[in-house]
Amino acid sequence: MIHSLFLVNSSGDIFLEKHWKSVVSRSVCDYFFEAQERATEPENVPPVIPTPHHYLINVLRHKIFFVAVIQTEVPPLFVIEFLHRVVDTFQSSTGSTNVGEQLPTGQLSVVPWRRTGVKYTNNEAYFDVVEEIDAIIDKSGSTITAEIQGVIDACVKLTGMPDLTLSFMNPRLLDDVSFHPCVRFKRWEAERILSFIPPDGNFRLLSYHVSSQNLVAIPLYVKHNITFRENSSQGRFEMTLGPKQTMGKAVESVVVSSQLPRGVLNANLNASQGTYTFDPVTKLLSWDVGKINPQKLPSLKGSMSMQTGASKPDENPTFNIQCKIQQLAISGLKVNRLDMYGEKYKPFKGIKYMTKAGKFQVRT
Amino acid sequence: MSASSAFSDDKGGSSNVGEPEYGHDPASGGIFSSDYKRHDDLKEMLDSNKDSLKLEAMKRIVAMIARGKNASELFPAVVKNVACKNIEVKKLVYVYLVRYAEEQQDLALLSISTFQRGLKDPNQLIRASALRVLSSIRVTIIVPIMMLAIKEAASDMSPYVRKTAAHAIPKLYSLDPEQKDQLIEVIEKLLADKTTLVAGSVVMAFEEVCPERIDLIHKNYRKLCNLLIDVEEWGQVVIINMLTRYARTQFLNPNINECLLEEGGEKAFYGSDEDEEAKEENAEISTMAKRKPYVMDPDHRLLLRNTKPLLQSRNAAVVMAVAQLYFHLAPKAEVGVIAKALVRLMRSHSEVQYVVLQNVATMSIKRRGMFEPYLKSFYIRSTDPTQIKVLKLEVLTNLASDTNISTILREFQTYIKSMDKDFVAATIQAIGRCATNIGEVRDTCLNGLVQLLSNRDELVVAESVVVIKKLLQMQPEQHSEIIKHMAKLTDNIQVPMARASILWLIGEYCEHVPKIAPDVLRKMAKTFTNEEDIVKLQIINLAAKLYLTNSKQTKLLTQYVLNLAKYDQNYDIRDRARFIRQLIVPMEKGGALNKYAKKLFLALKPAPVLESPFKDRDHFQLGSLSHLLNAKTGGYQELPDWPEVAPDPSVRNVELEEVFTTSEGRIGLLGDWREVIKLLERVTTLTSVPEWTKCSSRDKRKDKKVEKPFYSDSDGESGQTESADSGSDSASGSESSSSSSEESGSGSESEESEEESDSEEEEQKKKRKKIVQRKMKPSASESAASEESCGEDEKILQKPKEIRSESDEEESESESSESESESEQESESEKEVKKKKKVSVPNFPSKQTKKTTVEKKEMSLLDLDDFEPTTSQVITVNNVLSNSLVTDLEGLSLTDTMMSSATVTTASSLKMYELLHRIKGEGLAVEYCFSRQPFSSDPHMITVQIHFTNNTTSEVKTLHVEEPKLQSGMRMKEFTEIDVLPPSGSVTVVMGIDFSDSTQTANFQLCTHTRKFFVSIQPPVGELMMPVFMTENEFKKEQGKLMGMNELSEKLVLGVMCQNDHTIVQQVTSAANISRVPCGSDKECRFAGKTMTSGSLVLVTVLTKEEGAAQLTVNCEKMVIGTMLVKDILQVLTQ
């Protein structure tokens, strides 16, 4: 399906190529470069680019474009998903350079995702329940849309062929789920239990969406006042952050970033805590707040200098907010128990919860 | 060196364009020489004896290739290492070869023999990798070798090698499309493979080589549906896409009865899954009751049900594949389930989001209700890339309706303030579309857009003008104020499209703004020469229209404009000016059109319809590249329209039969339970919870426990039955149910069972079936006579029919109830026939149980009228003999050189194979056996006796063979047409088939006067040969020639039944048509035969040792035959 693959780095060099069928000239990438130029932003390069004789399907990861050359009809997602999987594999296998380890032994096993003969002196299984809140908050502070997406990432280092089951206290919370192929769907359908023979090492066991009927707790609020005056070289900037519904946990690693209007030349601000940066070229304001102290709310205040003579910008910036709350799954999801069958030893088990802001935007 | 380097670079230089490459340019002295040296280095390393050095060199070379540097000059040095023992080195050499073999074909041929050797390696991984490399070397000269290798690998014991064979098919096809026919044969063979490992790969090959041969899918359809969930992710995508197309050709449109009450259907989307299913079931029941014309084919339902759980896959491509399948195939009320999964994908990488949104955009036009609940998921964030924003906007626009429009417009207002101006422009267009589609908000939108006219950004204003123009066309009378406002904008707006739009508006509605219009024309006349072409054309238009309505004021201006246009550089504009002048300015002569000019120019023009660019894109299969690009791409297979009338559904029926034949003894009772359940499930067409078949043995045990309640027929348990059913799938694929899960040879074992289909197994099955039935209906048949089991089998089998047509029901039921007595009658009548004709039935092994004898007799009723007189006599003689006598005689025959070999062969019982089940054949039952008689007209043909039984109440006429589909090299001599077969009559005919020394199936159609049935005959390997007589010495001499690769040896423990010589001889000769070779030692039994077509010798030796241990040796030139024969003989000897 994929004829050839080219890897293009951020400075536009083709630094790796691979051909599965006959060799395709790397000049085919010129069409890609053209599209890249047209797109201005790398993220706006169309994933599928038709050329006279080929189709280029590309993905962007780690500032590297993976450009696949195909010649005939193929589901584009097939190629895109495959390329992403290739990158994932690159990522997880850095360290092991021995080609011999990559023999397709799994192909021949009953459990294709797990190699046989796994041995550990310390048997351990860790699960991270990570939830992300995607939200759009409007000018007045009310929630336009908010939803919780979660994943359970696992790091399982267990000897032999362990068979695990993981059950939840409140599985009904999970609205839409997608599984690693090791999970027995039938068991889930019938009992809402995750039953699986895990792959060895790190893997994503489950992704889920919390049913939208449940009201989503918004962990923090933003008070803001940004004003530009007509024909003035100054603008006011004020914002204050505060915790909202955090179930008594601390909100940490807060970072606020915002794209200020083009007319803003510079920002002279004063942060009550943390540090801020403003890039006058990209107009990107970024404020690394850190932990929010409910007694002393962090704020960022000051003035923006505007281009003289330019008219008042009619758009207001949006704030993108990142934050973390440890030891909390904001949906309230709780793992009930984790059991192992099929092996004799007693593994060490651990579950960790975390909540993060996902695509969390505050409009002004 | 320099010259050669530069030269070879030119040849393969395509990969080096634009890459500064050291060592190309002989002038670049220093660098070049160092490069030269480096390559020399590598050569030295490759020639060394140390693997570590070789490995290092190969790593560097492969790195060069990866960077796109030319390493072709190293070819001779590298190719030498192809036979290197070190697997690491070998692998890298393979990588190199695949890259450069095409350029250096002659040298590449040196390596071929290594791969050929690799193809015979005992390690399946090496066999596979040898085939992979061999098929990747794009050297035309080795096409025949590749073909041969693929064919052999396609019948390899290891499913992994078979999978690799499937991968090699498209490669060979792209190298030499002339091989298509032969490749299709291999594809057909591999499609019949029952392992999940092979399924995806072979369907991929099918799609690339012969996607038009949809007929190859029929027999494998149900199997593919059932295996699907266990196939690896990438294979799933390919299979689902192919099955979508298949379903479109075979089933009826489920929405055929959908009336125009769109909304009614859409309401169902909001229900939960369970509700839907309940509804759906109700619906099905009610439709049946009302005898509405549409009833979903159970196979259609099977596909929908088995794909649904894959919506939960982590692989976006799989989810998309299922989504498009549902969109194209599911009844409207069920399509809704895909929305949630698609919305989930939008959390993925932005490329995934991009593709998914394209598809959602198309879907949301046809099925708005499906995505409405997820409206907010399409809200746009400032951080989204522009191309995603625009697509989301498209979806939001498609989803807009009376109820949600206010929310959407409020959201749009935020977007208009965005810093991303392209996105703002797209939003304005979206507002325009909402306004045209939803009349209630037209004024609101228009007002909003007019406000935008005072926006600072010119792009925003321009886009608004264009959209307003379109909106105004719908109701111009009310909006002269807006037109006036826009007229003023001509002073400021520079964007050509916007200027053109304003001018057109003023011209078109000049009567609404009689004072302003001439003034605008005046201004435009001034700037005419500086305007863009589209603006110039509109100025001419405006002038013409004003001239017609207000010539007093504008006559001169118009003349002026037309004169300017007359000398314009653009010929379109000159043309237009000339045309308009002729049309509007009254001339002395001619000007016939003059009076109509006003009508022509100021006719009422229909308002433009603002359509989504995604409208009607669903004529492309969703999820495809063609859909994404909205253009047909190479290799795209059209999604066919639903057929008006469903093609014959029975073409897929083979699988139902196969469900029985594939069961392995090893699975034991459990396996068989599942079969029956599967059947029942098919029969009742339960629509319920999807299955996921990753059950371990533990799960299966659990399933077994809960199986019982299922028989109470309560709906609640239906889910369980499905899981049990799917469990059997995975078990047949991997054998894990009976043994520990670590066993790895599963694939090969299951294959073994596929190939053997001897009567023993069938018997067992029947027994098992019966046990199951007893459990099901404990009261029913506990004491019933053995014959009854047959009748009950029928009942189960007939159920699908009952569902399909109720009229058939009565008939078949009465049939099944009769079947008990019927079979008795038949057996009696047979006896009569026997007496009359004095033709006796071949012997059965004594271990056969009474339970099956009735059916057996029925099958083996031989009408030998058609036999050649010479052979029939021999048969008569043989058939009279008792079992023991036969073996005695056999011993005799061995010493008697003159005795016909045929005598020996008939000694063993004839196994009957089913060709057409009576249910599928609608009352016509056909069986066949290999009589082991020489076929009179052709010595290479195998004689196949075919026995027809007419179980219907009417005559079957003109039975004959049509359209044999044979693999290359195979031939067939059809039997003479049977004119009439009376009700409950039976007849036996013979036909000859030359299988060309392969176990490939002979496919043909069996035709009656009313119907055609697709049937196939597959010979057990033992029937592909005929006995050869030779002495012990000759035997040893021949054996000596067939050593090494041609010799296969296997240790075994003889089964309880096979402890003595006689039984060994009997068993071996029953498994294969070979004769015993006399020998001195009583520890050894030797047999000889030769293959029918090529006459290759087949030598079999069984060496008995202490305590039932034995060794089996087969020597045969044809390795595939040898391997299969070993398997078959082992099977009979170890029983």
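A salt bridge here is a side-chain nitrogen of Lys or Arg within 4 Å of a carboxyl oxygen of Asp or Glu. With that in hand, select Arg162(B) and Asp193(B): they form a salt bridge whose closest N and O atoms are 2.4 Å apart. Arg162(B) lies in helix H9 (residues 159–175) of chain B, and Asp193(B) in the loop between helix H10 (180–191) and helix H11 (196–209) of chain B, so the pair ties together parts that are 31 residues apart in sequence. Helices (H or I, at least four residues) and strands (E, at least two) are DSSP runs, numbered from the N terminus. Both Arg162(B) and Asp193(B) are buried; buried means under 20% relative accessible area, exposed over 50%, and partly exposed in between (1.4 Å probe, protein chains only).

A word on ground rules before moving on. This is a predicted model, where local features need pLDDT of at least 70, side-chain atom pairs count only at pLDDT 80 or more, and totals for chains, interfaces and linings use all residues. Residues are numbered from 1 along each chain as its sequence is written, chains are lettered from A and ligands numbered from 1 in the order in which they are written, and side-chain values use heavy atoms, with hydrogens and water left out.

Over all chains, the structure holds 49 salt bridges. Go next to Asp47(B) and Lys80(B), a salt bridge with its closest N and O atoms 3.2 Å apart. This pair links distant parts of the chain, 33 residues apart: Asp47(B) is in helix H2 (residues 29–47) of chain B, and Lys80(B) is in the loop between helix H4 (75–79) and helix H5 (87–100) of chain B. Are these two buried or exposed? Asp47(B) is partly exposed at 46% relative accessible area, while Lys80(B) is exposed at 55%.

Now pick Asp384(B) and Lys392(B), whose side chains meet in a salt bridge (2.9 Å, N to O). Both Asp384(B) and Lys392(B) are buried. Then widen the selection to Glu81(A), Arg85(A), Glu233(B) and Arg314(B), which salt bridges with shared partners join into one network.

**Where the chains meet**

Colour by chain and look at the interface. In contact (heavy atoms within 4.5 Å) are 85 residues from chain A and 92 residues from chain B. The area buried between chain A and chain B is about 8,000 Å², with carbon and sulfur atoms giving 56% of that; buried area is the accessible area (1.4 Å probe) that two parts lose on being put together, summed over both.

How many salt bridges run between chain A and chain B? The count is six. For one to zoom in on, select Asp134(A) and Arg347(B), where the side chains meet in a salt bridge (2.4 Å, N to O). Helix H2 (residues 76–93) of chain A gives the largest share of the side of chain A that touches chain B, eight residues.

**Back into chain B**

Chain B has 50 helices and 15 strands, and 58% of its 1135 residues count as buried. Among its contacts between residues at least 6 apart in sequence, 69% join residues at least 24 apart.

Select Lys536(B), found in helix H31 (residues 533–549) of chain B. Is this lysine buried or exposed? Lys536(B) is buried, with a relative accessible area of 8%. Leaving aside residues up to four places away in sequence, Lys536(B) touches Phe528(B), Thr529(B), Glu531(B), Asp568(B) and Ile573(B).

Jump to Thr999(B), in the loop between strand E7 (986–994) and strand E8 (1002–1007) of chain B. Thr999(B) is buried too, at 11% relative accessible area.

**Last stop: two backbones in chain A**

Most residues other than glycine have a negative phi. Show chain A again and select Met247(A), which has a positive phi of about 55° although it is not a glycine. Met247(A) is found in the loop between strand E13 (234–243) and strand E14 (252–259) of chain A. Finish at Lys283(A), with phi near 65°, a positive value in a residue other than glycine. Lys283(A) sits in the loop between strand E16 (275–279) and strand E17 (284–290) of chain A and counts as buried at 12% relative accessibility.
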